[in-house]
Amino acid sequence: MTLVILGGLGFPVHDELLRRARLRLRGERPPRLSLHSRVVLITTAVLLAVGAAGFLALEWCRSMDSLSWPVKVLASLFQSAMTRTEGFNEAWVSGERGAGPGRGASAAEAR
């Protein structure tokens, strides 16, 4: 999950964060983050937090009913990260009807 989130930040942000880390290791004070990096980091954090909270609230007693609460939190963070950066669902969402393997629109129309 961490690699997916880091990959979603982009090369310019990675470059700037690595340069800052190198300066700090040398004992120098790094310059302020660029506007681009600040916007990307803040937006990523907000989208992941809001997505995880929303998924957790909506699926607490549905698709994640059999899980313990720490696993529910981790599953909601994972789902938020995957949909935000990769664009696909990793869990069956309880409101999905007929959205399983082999159950696309063409299969539903054929019945």
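**Salt bridges, a helix pair and a surface patch**

D15 and R19 are 4 residues apart in helix α2, so about one helical turn separates them. I start there because that spacing goes with a contact: D15 and R19 form a salt bridge, with the closest N and O atoms 3.1 Å apart. D15 itself is partly exposed, at a relative accessible area of 36%. Keep in mind that this is a predicted model.

How many salt bridges does a search of the whole structure find? The count is 2. Besides D15 with R19, there is R26 with E28, where the closest N and O atoms are 3.7 Å apart. R26 counts as exposed, at 57% relative accessibility, and E28 as partly exposed, at 42%.

Next, the helix packing. Helix α2 covers residues 11-25 and helix α3 residues 35-59; they pack at an angle of about 105°, and their axes are 10 Å apart. Angles of 65 to 115 degrees count as roughly perpendicular, so α2 and α3 fall in that class. On the α2 side the contact is made by P12, V13, E16 and L17. On the α3 side the residues are H36, S37, V40 and L41.

Last, the surface. Which residues form the nonpolar patch there? They are M1, W60, W69, V73, L74, L77 and F78, and together they have about 650 Å² of accessible area. Take W69 as one of them. W69 sits in helix α4, residues 69-85. Its relative accessible area is 60%, and since exposed means over 50%, W69 is exposed.

Methods:
Residues are numbered from 1 along each chain as its sequence is written. This is a predicted model: local features need pLDDT of at least 70, side-chain atom pairs count only at pLDDT 80 or more; totals for chains, interfaces and linings use all residues. Side-chain values use heavy atoms; hydrogens and water are left out. Patches are made of residues with over 30% relative accessible area and no salt bridge: like charges are joined within 9 Å, nonpolar side chains (Val, Leu, Ile, Met, Phe, Trp, Tyr) within 5 Å. Accessible areas come from the Shrake-Rupley method with a 1.4 Å probe; for residues, only the protein chains shown count as cover. A salt bridge is a side-chain nitrogen of Lys or Arg within 4 Å of a carboxyl oxygen of Asp or Glu. Helices (H or I, at least four residues) and strands (E, at least two) are DSSP runs, numbered from the N terminus. Buried means under 20% relative accessible area, exposed over 50%, partly exposed in between (1.4 Å probe, protein chains only). Axes are lines fitted to C-alpha atoms, for helices over the stretch in contact, and angles run from 0 to 180 degrees between N-to-C directions. Angles under 35 degrees count as roughly parallel, over 145 as roughly antiparallel, 65 to 115 as roughly perpendicular and the rest as oblique. Contact means heavy atoms within 4.5 Å.
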